[in-house]
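Please walk through this model with me, from its overall layout down to single residues.

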Amino acid sequence: MEVCPLCNGFETVTIECSGCSSILEDQGKITDYFDDYSAYMDIDIMKLFDGDPQSLESKACLHYFYCANCQQEETRAMKG
Ligand SMILES: [Zn+2]
Ligand SMILES: [Zn+2]
């Protein structure tokens, strides 16, 4: 079982905004936002996963990040 460093609080992961290089705020697991993510396949969510549906089923923990500076939203897969 992979362990996500963010979920377990073992370490702080710093993600920079691709738009303004500010530090993004971890908003938690994306699965907390999309309980039934399959219902959202028609929207931009697939882009967030690099178009790889396997990412959704993999052990990677997908986190939702938000930039308070430019309101950009990003999703990153945290590998255990
Ligand atoms: Zn996590
Ligand atoms: Zn930004």
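This is a predicted model: local features need pLDDT of at least 70, side-chain atom pairs count only at pLDDT 80 or more; totals for chains, interfaces and linings use all residues.

Residues are numbered from 1 along each chain as its sequence is written, while chains are lettered from A and ligands numbered from 1 in the order in which they are written.

Start with the elements. The protein chain has three helices and three strands. Helices here are DSSP runs of H or I with at least four residues, strands are runs of E with at least two, and both are numbered from the N terminus. Read from that end, the order is α-β-α-α-β-β. Contacts across the chain come next. Two residues are in contact if their C-beta atoms, placed from the backbone, lie within 7 Å. Of the contacts between residues at least 6 apart in sequence, 61% join residues at least 24 apart.

Now the sheet. Strands of a sheet pair through backbone hydrogen bonds, either parallel or antiparallel. In this model, three strands form an open sheet in the order β1-β2-β3, with antiparallel pairing. Two strands count as paired if DSSP finds at least two bridges between them. The edges are β1 (25-29) and β3 (73-78), each of which pairs on one side only. Neighbouring strands are turned by 30° against each other on average, direction ignored. That angle is taken between axes, which are lines fitted to C-alpha atoms (for helices, over the stretch in contact), and it runs from 0 to 180 degrees between N-to-C directions.

Follow the pairings one at a time. β1 and β2 are joined by three bridges. Here Asp26 has Phe65 in β2 as its bridge partner. Strand β2 (residues 61-66) and β3 share six bridges. Tyr66 faces Glu73 in β3, and Cys61 stands opposite Met78. These two strands form a hairpin with six residues between them, and Gln71 in the turn has a positive phi of about 60°.

How enclosed is the chain? A residue is buried if 20 or more other C-beta atoms lie within 10 Å of its own, exposed if 12 or fewer, and partly exposed in between, with C-beta atoms placed from the backbone. By that count, buried residues make up 11% of the 80 residues in the protein chain. β2 is largely enclosed by the rest of the structure, because five of its six residues are buried.

The largest nonpolar core has eight residues: Cys17, Leu24, Ile30, Cys61, Leu62, Tyr64, Phe65 and Cys67. Such a core is a set of buried Ala, Val, Leu, Ile, Met, Phe, Trp, Tyr and Cys residues joined through C-beta atoms within 7 Å. Cys61, leaving aside neighbours within four places in sequence, is in contact with Cys4, Leu6, Cys7, Lys29 and Met78.

Two residues remain. Pro5 lies in helix α1 (residues 5-8). Pro5 is partly exposed because it has 14 C-beta neighbours inside 10 Å. Its C-alpha atom is 9.3 Å from that of Cys61, 56 residues away along the chain. Asn69 sits in the loop between β2 and β3. With 13 other C-beta atoms within 10 Å, Asn69 is also partly exposed. Beyond four places in sequence, Asn69 is in contact with Cys17, Cys20 and Ser22.
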